[in-house]
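Please look over the sequence and the structure shown below. The briefing that follows goes through charged pairs, a sheet and its helices, and a few single residues.

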Amino acid sequence: MSAIKQTALFFLTLLATFLLCDIFIHFTYIVMVSSSDFSKETGRINRCDLDYIYFNEGMGIGRFNEYRYIGKSRTPQKKDNTIRIALMGDSYVESFQVLQRHYFGNLIEQYLSDKHYGTGIEVLNFGRSGFNIGDMYAYQKLYVDNFDPDIVLYFLSNNDLTTERHDPLLPYLKIRNDSLDISLDFNTDQIQAFEKSKFFIHNSRIIQMIN
């Protein structure tokens, strides 16, 4: 009986220590919870309304807005007499480590707005870390085009010029006859594994570090 009590006390103490450490990390922002979500319409995508602090590639402080991209929220339905520019690219375009007042997309928007062309100018940041040209194309067709952009600009490096699939939870391109198709044929086991872990990696910093 004594051994059972000691074992129970050990696990209760371990759990309490785990929770206290997680709370401490939460308020110190040493580590972020996972910023990834999953949608059957788009595959892996950023979480919405999530504040972040990153310490990789330089410190990054910002927020993914309600539409899952960094920057000012713009509704999919744009205002009349507005020119909307969508920026596509990898982490250099996403630029989570750059303060918004220094972000090149915001500087473009400010510069063009100051020219008083008689139209409103909106520049939206649809960069995604790790994306190649295939990922960008699929993301544009499945998600970005819903925001009715007038101009879509792709920013590419040599490493981006591939359609190799590197994430099983992202759509991928397939050539079918003479057409380029976007496949949403995700691995069911991968989806189930993500859904089972999502609650923990979205809420626990320690679990996210282990993951």
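D167 is buried, with 14% relative accessible area, where buried means under 20%, exposed over 50% and partly exposed in between (1.4 Å probe, protein chains only). D167 forms a salt bridge with R44, and their closest N and O atoms are 2.7 Å apart. A salt bridge here is a side-chain nitrogen of Lys or Arg within 4 Å of a carboxyl oxygen of Asp or Glu.

The model is predicted: local features need pLDDT of at least 70, side-chain atom pairs count only at pLDDT 80 or more, and totals for chains, interfaces and linings use all residues. Residues are numbered from 1 along each chain as its sequence is written, and side-chain values use heavy atoms, with hydrogens and water left out.

**Salt bridges**

- R44 lies in strand 2 (residues 43-46) and D167 in the loop between strand 7 and strand 8, so this pair ties together parts that are 123 residues apart in sequence. Helices (H or I, at least four residues) and strands (E, at least two) are DSSP runs, numbered from the N terminus.
- R44 counts as partly exposed, at 21% relative accessibility.
- In total, the structure holds 12 salt bridges.
- Side chains of opposite charge can pair when their charged atoms come close.
- Another salt bridge joins K198 and D37, with the closest N and O atoms 3.7 Å apart. This pair links distant parts of the chain, as K198 is in helix 5 (residues 188-203) and D37 is in strand 1 (residues 36-39), 161 residues apart.
- K198 is partly exposed, with a relative accessible area of 22%, whereas D37 counts as buried at 17%.
- K198 and D37 also belong to a network of salt bridges that links them with R68 and E195.
- R84 and E122 meet through their side chains in a salt bridge of 2.7 Å, N to O. R84 is in strand 5 and E122 in strand 6, and the two are 38 residues apart.
- Both residues of that pair are buried: R84 has a relative accessible area of 2%, and E122 has one of 10%.

**The sheet and its helices**

- An open sheet of 3 strands has the order 6-5-7, with parallel pairing; two strands pair if DSSP finds at least two bridges between them.
- Strand 6 (120-125) and strand 7 (151-154) are the edge strands, each pairing on one side only.
- From one strand to the next, the twist averages 20°. Axes are lines fitted to C-alpha atoms, for helices over the stretch in contact, and angles run from 0 to 180 degrees between N-to-C directions.
- Strand 5 (residues 82-88) runs parallel to strand 6 and is joined to it by 6 bridges.
- Strand 6 is largely enclosed by the rest of the structure, because 5 of its 6 residues are buried.

**M136 and Y154**

- M136 is in helix 4 and is buried, with a relative accessible area of 0%.
- Leaving aside neighbours within four places in sequence, M136 is in contact with residues including M88, F131, Y154, F155 and D160, where contact means heavy atoms within 4.5 Å.
- The C-alpha atoms of M136 and E66 are separated by 20 Å, and these residues are 70 apart along the chain.
- Y154 lies in strand 7 and is partly exposed, with a relative accessible area of 30%.
- Beyond its neighbours within four places in sequence, Y154 is in contact with M88, M136, Y137 and Q140.
- Y154 and L87 are 67 residues apart in sequence, and their C-alpha atoms are 6.3 Å apart in space.

**A nonpolar surface patch**

- I83, I151, L153 and F155 form a nonpolar patch on the surface, with about 280 Å² of accessible area together.
- Patches are made of residues with over 30% relative accessible area and no salt bridge: like charges are joined within 9 Å, and nonpolar side chains (Val, Leu, Ile, Met, Phe, Trp, Tyr) within 5 Å. Accessible areas come from the Shrake-Rupley method with a 1.4 Å probe; for residues, only the protein chains shown count as cover.
- F155 is found in the loop between strand 7 and strand 8 (172-176) and counts as partly exposed, at 32% relative accessibility.
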